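Me: I would like to learn how to read a structure like the one below. Please take the features one at a time.

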Amino acid sequence: MPQYQTWEEFSRAAEKLYLADPMKARVVLKYRHSDGSLCIKVTDDLVQGHLKYCEIPYIRNVVAGDLET
């Protein structure tokens, strides 16, 4: 399972996975309040992509939909 370091890499891989077969692709979000991390995983049961955020201000931007900052 590749772990991506930037949102841009992850979003490109997730879009590619989704466009390959939209009916099989799914996304899992896991937020841990204790350490303030957000894990995002996208999979189609054959290929998985994983991204982990540990910075609270950036997580707020992701949740708000403002991914440019």
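Me: What should I know before I start?

Reply: This is a predicted model, in which local features need pLDDT of at least 70, side-chain atom pairs count only at pLDDT 80 or more, and totals for chains, interfaces and linings use all residues. Residues are numbered from 1 along each chain as its sequence is written, and side-chain values use heavy atoms, with hydrogens and water left out.

Me: What is the mean pLDDT of the chain, and where is confidence lowest?

Reply: pLDDT is the predictor's confidence in each residue, on a scale from 0 to 100. The chain has a mean of 77, and 72% of its residues reach 70 or more. Helix α2 (residues 56–64) has the lowest confidence, with a mean of 63, while α1 has the highest, at 86. Where pLDDT is low, the predicted coordinates should not be read in detail.

Me: In what order do the elements of the chain run?

Reply: Helices (H or I, at least four residues) and strands (E, at least two) are DSSP runs, numbered from the N terminus. This chain has two helices and four strands, in the order β-α-β-β-β-α from the N terminus on.

Me: Which residues make up the largest nonpolar core?

Reply: In soluble globular proteins, nonpolar side chains tend to be buried together. Buried means under 20% relative accessible area, exposed means over 50%, and partly exposed lies in between (1.4 Å probe, protein chains only). A nonpolar core is a set of buried Ala, Val, Leu, Ile, Met, Phe, Trp, Tyr and Cys residues joined through side-chain atoms within 4.5 Å. Here the largest one has eight residues: Trp 7, Phe 10, Ala 14, Leu 17, Leu 38, Ile 40, Val 42 and Leu 51. Two or more of them come from each of α1 (7–20) and β3, and α1 gives the largest share, four residues. Across the chain of 69 residues, 28% are buried.

Me: How many aromatic pairs does the structure hold?

Reply: Rings of Phe, Tyr and Trp (its six-membered ring) pair if their centres lie within 6.5 Å; planes under 30 degrees apart count as stacked, over 60 as edge-to-face and the rest as tilted. The structure holds one such pair. Tyr 4 and Phe 10 are edge-to-face, 6.1 Å centre to centre with 65° between the planes. Phe 10 is buried, at 4% relative accessibility.

Me: Which residues form a salt bridge?

Reply: A salt bridge is a side-chain nitrogen of Lys or Arg within 4 Å of a carboxyl oxygen of Asp or Glu. The whole structure has one. Asp 45 and Arg 26 form it, with their closest N and O atoms 2.9 Å apart. Asp 45 sits in the loop between β3 (37–43) and β4 (48–53) and Arg 26 in strand β2 (residues 26–32), so the bridge ties together parts 19 residues apart in sequence. Asp 45 is exposed, at 56%, whereas Arg 26 is partly exposed, at 41%.

Me: Which residues does Thr 43 touch?

Reply: Contact means heavy atoms within 4.5 Å. Thr 43 belongs to strand β3 and is buried, at 2% relative accessibility. Not counting residues up to four places away in sequence, Thr 43 touches Leu 17, Lys 24, Ala 25, Arg 26 and Gln 48. The side chain of Thr 43 also reaches the backbone oxygen of Val 47 at 3.2 Å.

Key: A polar contact is a pair of N or O atoms within 3.5 Å; within protein, one must be able to donate a hydrogen and the other to accept it, and residues adjacent in sequence count only if both atoms are side-chain atoms.
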